[in-house]
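Biologist: I would like to learn how to read pockets and sheets in a model. Where do we begin?

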Amino acid sequence: MTNIISVFDTTLRDGTQGEGISLSADDKLKIAQKLDTLGVHYIEGGNPGSNSKDIEFFQRVKALKLNAKLTAFGSTRRKNSVAEQDSNLLRIVESGVPAATLVGKSWDFHVHTALQTTLEENLSMIYDSFAFLKRNQVEAIFDAEHFFDGYKNNPEYALSVLRKAQDAGADWIVLCDTNGGTLPTEIHDIVSRVRAELTAPLGIHTHNDCELAVANTLAAVQAGARQIQGTINGYGERCGNANLCSIIPNLQIKMDYRCIADEQLESLTTTARYISEIANVHMPVGQPYVGNAAFAHKGGIHVSAIMKDSKTYEHIQPGLVGNKQRILVSELAGQSNIISKAQELGLDVNANNEKTKQIMERIKELEHQGYQFEGADASLELLLRDAFGEMKELFKLESLKMLVEKNNGSMNAEAIVKVNVEGQTVYTAAEGNGPVNALDNALRKALVQFYPSINNIHLADYKVRVIDEKDATAAKVRVLIESTDFKNTWNTVGVSSNVIEASWEALVDSIRYAMMNMAKVDGNQDQPRASLGLVNH
């Protein structure tokens, strides 16, 4: 069918060229499994012989038995050499991968300047390399590097490059906007012309230097490309690659193309967030489709409308991509926000409820003190449940001491915590690389014997914001903590003129929220709701 799109993911290769991204072999294996579950058709793992991590990855990935085609990356043979003796090509074949991507020059300027060879030799390099792969039964994908720049500079030569790869048996011809400087109208026109010249199927590989990688990919598909190349969350060199988390739902939901199964599309958000955790790169909250704020509503008029029909302010149903609607509550929010949020939590609330007005006033007062609940959904939920008598006290702090010592050039911290848990006093101490880390370790150590599943939770992000700059080091601060169990993330807030106290408040909320949502704890199917922090009614 003409509307079937092949999804080629290069997160493990092109994505790792992004600043601040470094993946171990174990990281790459975890991501490969997640991408396979998502349903992408090709997973580009890197160059089988370029470095020790990639060598280890290609050795170990065979055990995963992926449904996707594992793809190796390399370049065409070196100039004035023989393909059968090219170490790069030999490593690709020896790795046993079913498919390989070779990058070759399609811009005459690059042939002369980067390769420093003749246009004719570049054509021979391309032909020989793809003929070699096909003789060794490897599916061959040609990434025509700088194709759009090359076409605009010398269209006849750029097309001759593509024909050489096609004549040698390349299974896919992928047009690359390597510098990311081409506009969507140009992409559409050029791909349309190429489509009329070639018989091999076309792919598109764009970069985001003009914030157009997604738009350029969509334009190429409309012009006839049937393979999309990109990365999860748009990771990649400079400004990044085309973001598959936007491209896939745009094609599938908006444009009636088929990329992956509908049930796999529903895992898009969890896939994006999982990979961001593994890559240790915080996702922008406003990232389309999969971001935490992609379907968040704050304005009272907006909330009032979506309570009647979500289509009033949402372009798709969030569940189609595995995301969810969020109602933000702040001092700017109207009563509709509180009602909607409370109803979402199953609380009995309406516009005439006096408690709703009390909660609204309480939130306004807290935000006046420096709290910010629109970025701390978990703390807001706890506040609402507390107000409606839904929560039980899981533990109570009796005392807390912090020791910070600099010894032999290193700074060490120790926290001593005394808490009461289910009537028992627990006294623990723990060290950390800083006071907040030590505090977190000590609190977990005190609680883990009562709530073993706390081991599944870890801190994903920690931010401190100064609220009153004029007070200098005595200023009040707001601490925002993001926590995760790799399936879900939640945010909590604490405010104080003492950063340790603010951190403690946010940490406590994080743990209370996590335990409240643990329906099953360490395999105990009969764990009562009350022990998880909710009062049974």
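Modeller: With terms: a strand is a DSSP run of type E with at least two residues, and strands are numbered from the N terminus. A lining residue has an atom within 4 Å of a pocket point. Keep in mind that this model is predicted.

Biologist: Which element gives the largest share of the lining of the second largest pocket?

Modeller: Rolling a probe the size of a water molecule over the atoms shows where empty space is left. Here, the second largest pocket has a volume of about 610 Å³. Its lining counts 28 residues, and H282, M283, V285, E482 and N491 are the closest to the centre. Two or more lining residues come from each of helix 12 (268-279), strand 14 (458-466), strand 15 (477-484) and strand 16 (489-496). Strand 14 gives the largest share, six residues.

Biologist: How many residues of that lining are nonpolar, polar and charged?

Modeller: The lining has 11 nonpolar, 10 polar and seven charged residues.

Biologist: Now the sheet. In what order do the eight strands close into a barrel?

Modeller: The order is 1-2-3-4-5-6-7-8, with parallel pairing. On average, neighbouring strands of this sheet are turned by 25° against each other, direction ignored. As one case, strand 7 (residues 202-206) pairs with strand 8 (residues 227-230) in the parallel sense over three bridges. Within this pair, G203 stands opposite Q227 of strand 8.

Biologist: Which strands does helix 9 touch?

Modeller: Helix 9 (residues 213-222) packs on the sheet and touches strand 6 (172-177), strand 7 and strand 8. The direction of helix 9 makes about 170° with that of strand 7.

Conventions: Residues are numbered from 1 along each chain as its sequence is written. This is a predicted model: local features need pLDDT of at least 70, side-chain atom pairs count only at pLDDT 80 or more; totals for chains, interfaces and linings use all residues. Side-chain values use heavy atoms; hydrogens and water are left out. On a 1 Å grid over the protein atoms alone, a cavity is a set of points where a 1.4 Å probe fits but cannot get out, and a pocket is an open set with protein on both sides within 12 Å along at least five of seven lines; lining residues have an atom within 4 Å of a point. Grid points are joined across faces, edges and corners, and a volume is the space filled by probe spheres set on the points. Helices (H or I, at least four residues) and strands (E, at least two) are DSSP runs, numbered from the N terminus. Ala, Val, Leu, Ile, Met, Phe, Trp, Tyr, Cys and Pro count as nonpolar, Asp, Glu, Lys and Arg as charged, and the others, Gly among them, as polar. Two strands pair if DSSP finds at least two bridges between them. Axes are lines fitted to C-alpha atoms, for helices over the stretch in contact, and angles run from 0 to 180 degrees between N-to-C directions. Contact means heavy atoms within 4.5 Å.
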